[in-house]
Amino acid sequence: MEERDIYILGIESSCDETAASIVKNGREMLSNVISSQIALHTLFGGVVPEIASRKHIENIDGVISKALEDAEMSFDDIDAIAVTYGPGLVGALLVGVSEAKALAYALNKPLVGVNHIEGHICANYIHDKNFEPPYVALVASGGHSHLLYVKDYGKYEILGRTRDDAAGEAYDKVARAIGMGYPGGPKIDAAAKHGNADAIDFPKVFLEDDSYDFSFSGLKSAVLNYLNKQKMMNEPINENDVAASFQKSVVEVLTAKTIRAAKEKNVKKVAMAGGVSSNSALRLKMKELCNDNGFSLNVPEPILCTDNAAMIASAGFYDFIKGQRDGLDLNANPNLKLGER
Ligand code: KG4
Ligand code: ZN
């Protein structure tokens, strides 16, 4: 049978980026349009769901048109429409899902609902065209922290997840407490480069010996307590040292658990995904530990780590070739779990 190329239009609107992308055969990114609302939400110190939904509505048509234009394609050239339907902010998700359903109906094209976390993982397939399962993946973003054993495309064993705050959430909350603003991750990353990571001994929470779960709320509280104590005693606060010391605790836990999982699952490959994977200290430490242990490390470039639609189109491709089709009753599911439909 002759193999033909498959073009997927991906749509993402689960949080504060309105994004559309066209990806060929799950791997080749022909366009990647991201309209970020970050500047707007910065005014409020975090994402305001109602504002996010309204902005998605204003932007989504233009973002999709631009994705087609950049790829030099028209709707006729698209084989299917893939859209994030969860997890995320319900109002924000609904904008993308409604748009995708309207397009699928009007154009008479197949519709494929994609799990946002699965999308993050698939960014690795765009980043490295030869990267394939099985591997262990760390997915760390503003909403999720998961450690996964990826057995095959779309087949995941969840080894661990956060019991409270996601890693990115901890970055954002600590950054806010130090007065660095939203989103905190990139700001702490930059500040930490000028700080001493051994200046303050913040807790590293590993939980039970055999657990792959994470917990970051204790670390966040420790940082807040430290800041309060310094203020009460009129002692100076070195923001760069706080950022570097906090980051060290996060990075040590994330990397140690990932490497232990890769050893236990006896894989050769480790992958990272999600906004926090763009963190320079995390990338460096993970690379070092992977080298020491003989694992290869795959990490998408930062623009594919944070929210984008190319990753959704890639995940949609693998679902599409397996025969997954969604009806016009597809609904946003803010609490969608991995592996659930
Ligand atoms: O994947 P993402 O764009 O959205 C979610 O699905 O949540 O991740 C956003 C999160 C934010 O919490 C942000 O602070 C964090 O990723 N982040 C970083 C860095 N860049 C983004 N965290 C640490 N270091 C970074 N360089
Ligand atoms: Zn995300």
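Which helix supplies the largest share of the shell around ligand 1? The answer is helix 6, with four residues; helices here are DSSP runs of H or I with at least four residues, strands are runs of E with at least two, and both are numbered from the N terminus. The model is a predicted one, in which local features need pLDDT of at least 70 and side-chain atom pairs count only at pLDDT 80 or more, while totals for chains, interfaces and linings use all residues. Residues are numbered from 1 along each chain as its sequence is written, chains are lettered from A and ligands numbered from 1 in the order in which they are written, and side-chain values use heavy atoms, with hydrogens and water left out.

Helix 4 (116–127), helix 5 (167–178) and helix 6 (184–192) each give at least two residues to the shell around ligand 1. Domain 1 (7–123 + 305–321) and domain 2 (133–300) both contribute to this shell, so ligand 1 lies between them; the domain bounds come from an automatic or database domain assignment.

There are 22 residues around ligand 1, and Gly142, Asp172, Gly185, Asp189 and Asn279 come nearest; a residue counts as near if one of its heavy atoms lies within 4 Å. By class, the shell holds five nonpolar, 14 polar and three charged residues, where Asp, Glu, Lys and Arg count as charged, Ala, Val, Leu, Ile, Met, Phe, Trp, Tyr, Cys and Pro as nonpolar, and the others, Gly among them, as polar.

Some of these neighbours can be described by polar contacts, that is, pairs of N or O atoms within 3.5 Å. Oxygen atoms of ligand 1 lie 3.1 Å from a polar side-chain atom of His120 and 3.0 Å from a backbone N or O atom of Gly185. A polar side-chain atom of Asn279 is 2.9 Å from a nitrogen atom of the ligand.

The backbone also deserves attention. Most residues other than glycine have a negative phi, and most peptide bonds are trans. The bond between Pro133 and Pro134, however, is cis, with omega about 5°, and Pro134 is placed in the loop between helix 4 and strand 6 (135–140). Tyr182 and Pro183 are likewise joined by a cis peptide bond, with omega near -10°; Pro183 lies in the loop between helix 5 and helix 6.

Conventions
A polar contact is a pair of N or O atoms within 3.5 Å; within protein, one must be able to donate a hydrogen and the other to accept it, and residues adjacent in sequence count only if both atoms are side-chain atoms.
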